[in-house]
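Dear colleague,

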Amino acid sequence: MENSKQLSSEQPLRIDIVSDVVCPWCVIGYRQLAEALEQTNTEHKIHWHPFELNPDMPIEGQNLREHITEKYGSSREESDASRVRMTEAGSEVGFEFNFTEETRTYNTFDLHQLLHWADQQGRMHDLKQALFAAHFTNGRNISDKEVLADIAAEIGLDRSEAVAVLKDQRFAEEVRQAQQQWRQQGIQSVPSVIFNQKHLVSGAQGVENFKSILQQLADLPE
């Protein structure tokens, strides 16, 4: 769903999305936006960019409920309510969350390097979606290099090359530079969606709100 059809402009709408795979509202927000793009028949091109929610997270990750309690001070009841909201919001746009007591969150630096590699083959979008599903639907360990290579192979990328990319940290500097670039532009939370490199929208806005935003953009003078 990277490219779709036309709303009014001759040029496709450029959409930059700064996000992290361990961010539930990032996949919800993307799915809402994708639905709005489809319903408004908007020609577009999506560019994904890296953001680490938890750059200091150890490689083994952390139990998600413990992490949320430590980071935000949430009670168990608040955590449960949040999971219900996210699960319902995901279901509305065709994405399945399977939260359990064992659900973990992970360090995503390697993952962003793999996405950078996939982008060189025109497959970043596909890998991003596969990683969202691997993490939130299937509960796979997306900080494990072997698991990441498996996921890459499952969408048709070369597994041995994926392993090599991760082993030698081939794109570490590129990912760090990209993250720094967005931080310098004031991006401190995700999802952050930038339309035509001018208009910033933060968070999962909902399908109807995204449709309204797209219509406003279509009505702007060239």
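Asp-110 and Lys-145 form a salt bridge, their closest N and O atoms lying 2.8 Å apart; the term denotes a side-chain nitrogen of Lys or Arg within 4 Å of a carboxyl oxygen of Asp or Glu. This pair connects distant parts of the chain, with Asp-110 in helix α4 (residues 109-119) and Lys-145 in helix α6 (residues 145-154), 35 residues apart. Helices are DSSP runs (H or I, at least four residues), numbered from the N terminus. Asp-110 is buried at 8% relative accessible area, whereas Lys-145 is partly exposed at 34%. Here buried means under 20% relative accessible area, exposed over 50%, and partly exposed in between (1.4 Å probe, protein chains only).

The model is predicted: local features need pLDDT of at least 70 and side-chain atom pairs count only at pLDDT 80 or more, while totals for chains, interfaces and linings use all residues. Residues are numbered from 1 along each chain as its sequence is written, and side-chain values use heavy atoms, with hydrogens and water left out.

A second salt bridge joins Asp-80 to Arg-65, with 3.0 Å between the closest N and O atoms. Asp-80 belongs to helix α3 (residues 76-92) and Arg-65 to helix α2 (residues 64-72), so the pair ties together parts that are 15 residues apart in sequence. Arg-65 is buried (10%) and Asp-80 partly exposed (34%). Both residues also belong to a salt-bridge network with Arg-76 and Glu-101.

Arg-14 and Asp-16 likewise meet in a salt bridge (2.7 Å, N to O). Across the whole structure, the search finds 12 salt bridges.

Kind regards

Notes: Helix = DSSP H or I, 4+ residues; strand = E, 2+ residues; numbered from the N terminus.
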